[in-house]
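Please look at the following model with these notes beside it. The points are numbered so that each can be checked separately.

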Amino acid sequence: MMNEKVKGPMLTLSDLYNDDVVYTSRPSYISNPWLKPDEHQSNFLTGRELLIANQFPVIVHEASVTEKLEQLFKLVGKQIPEHIYKFKNKETYEALIKQLAHEKGKKIYFQYIHDEDILEKEFYALDKDIFVALNNKSRIPEWTNYKYVPKRDIVPIEEFETRIQSWSYPFVIKPGDDLPTAGGYGVMICYNDEDLEKAKTRIKEATEATEQLIIEQKIEAVNNYCVQYAYSDELGLQYLGTAQQLTNDYGFYNGNENVTDVPQHVIDAGREIMEIGVSKGFFGVAGFDLLVDKNDDVFAIDLNFRQNGSTSMLLLANDLTDGYHKFYSYFSKGDNTHFFNTILKYVEKGVLYPLSYYDGDWYGKDEVNSRFGCIWHGANRSDIIDYEKAFIKELGL
């Protein structure tokens, strides 16, 4: 059925950025040992913010804006934005960025930094050095006023194997440099010797690109929040809401669900961090991963001064059924037609809200697995869990 509750996002990206700014959420094509989504996953990410962009121009892969996305959006009363720039591959992506900056006088707001040979730092909408510094995990204490920080050591990579011997399980290992991570890929949680040996293997693979590592106390969390804010000079600092992060025992991302009963001291901690970022020159959307333990203490384990996977879920809450919301993504297992038709079925039921669709058939029939980003929404969590289980069963996932 059609979703009859169409009110639009409470805030759009157009409200935050100047008219001369263009957004790209795609990681660079250049390899990063701590962020290794494949090419299609990175292309898929370019469509994630289309419904909250409004008039804000977005760089998007052609496979993410086919007639299939148009069909899905129509079911929820939406359209593909007109203000998009399309690319096909590495060459057209990098050429587009250079053209927008050098020939059209645009500034680029990057979700992930790119090398200087792709675009010089003076063309960044948000100062590149500030962006890099705020997202550097080793500098989290600076951006939290030295509060909310678990016990941690920052060690040169060549000293890691010696220094780790003084730590007791469980602990967390993270890269401590400027290279971005996402979805928990750069986080290594160690409960035992086997986990540590796996971490050492990964660290050896990244030695050339990494100078230091963070060893951090693993917090036994009661709640895992992503608290989100936005800032522009015109709007000031706004609290966007909070999502509960769903992760497995090893920190890998399994989606987000909405949460309404967030403790005030968690929101205040996030606001304090955002204010520090703004004082350094940050503007835009940011989300901070804040854990709360059994003593109700807050710990900042990751600061993402960038848009987050669940940002759209929070901003589009007015378009969703009141109750329970869950953001997640799904991949086809080879039959893209069945994948799309199953998605259509649940969108028509009014329980699945489309955000993005990466059309694998753009490359040829079933040449590439399609991908779908969405929000489950319904009156209560148990109903949505049942719908999702049925959906996954139909897809054979």
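1. Leaving aside neighbours within four places in sequence, histidine 114 is in contact (heavy atoms within 4.5 Å) with Arg26, Pro27, Ser28, Tyr93, Ile97, Tyr124 and Lys128. Histidine 114 sits in the loop between β4 (107-110) and α5 (128-134). Its relative accessibility is 1%, so histidine 114 counts as buried; buried means under 20% relative accessible area, exposed over 50%, and partly exposed in between, with a 1.4 Å probe and protein chains only. The side chains of histidine 114 and tyrosine 93 are joined by a polar contact of 2.8 Å. A polar contact is a pair of N or O atoms within 3.5 Å; within protein, one atom must be able to donate a hydrogen and the other to accept it, and residues adjacent in sequence count only if both atoms are side-chain atoms.

2. On conventions: this is a predicted model, in which local features need pLDDT of at least 70 and side-chain atom pairs count only at pLDDT 80 or more, while totals for chains, interfaces and linings use all residues. Residues are numbered from 1 along each chain as its sequence is written, and side-chain values use heavy atoms, with hydrogens and water left out. Helices (H or I, at least four residues) and strands (E, at least two) are DSSP runs, numbered from the N terminus.

3. Helix α8 (residues 193-205) has 13 residues, which at 1.5 Å a residue should span 18 Å; the end C-alpha atoms are 19 Å apart, in agreement. The expected span is 1.5 Å times one less than the number of residues. At the start of α8, a side-chain oxygen of asparagine 192 comes to within 3.2 Å of the backbone nitrogen of glutamate 194.

4. Which residues of α8 are buried? They are Asp195, Leu196, Ala199, Lys200, Arg202 and Ile203. Viewed down the axis of α8, these fall within an arc of 165°, so they line one face of the helix; the arc is that of the directions from the helix axis to the C-beta atoms. The face turned away from the buried side of α8 carries the exposed residues Asp193, Glu194, Lys198, Lys204 and Glu205. The packing partners of the buried residues of α8 are α7 (160-163), β6 (171-175), β7 (188-190) and β8 (212-217).

5. An open sheet is formed by four strands in the order β5-β8-β6-β7, with antiparallel pairing. β5 (152-156) and β7 are the edge strands, each with a single partner, so one side of each has no neighbour in the sheet. From one strand to the next the twist averages 20°. β6 and β8 pair over five bridges in the antiparallel sense; two strands pair if DSSP finds at least two bridges between them. α8 packs on this sheet, touching β6, β7 and β8, and its direction makes about 155° with that of β7. Axes are lines fitted to C-alpha atoms, for helices over the stretch in contact, and angles run from 0 to 180 degrees between N-to-C directions.

6. Elsewhere, β14 (residues 324-331) pairs with β11 (residues 253-258) in the antiparallel sense over two bridges. β14 also pairs with β16 (residues 371-378), again antiparallel, over eight bridges. Phenylalanine 327 in β14 is the bridge partner of asparagine 256, and glycine 373 in β16 is that of serine 329.

7. In helix α3 (residues 67-75), the buried residues are Lys68, Leu69, Leu72, Phe73 and Leu75. They cover an arc of only 155° around the axis, which puts them on the same side of α3. These buried residues pack against α2 (50-53), α11 (336-348), β15 (352-358) and β16. Glycine 77, which follows α3, has a positive phi near 75°.
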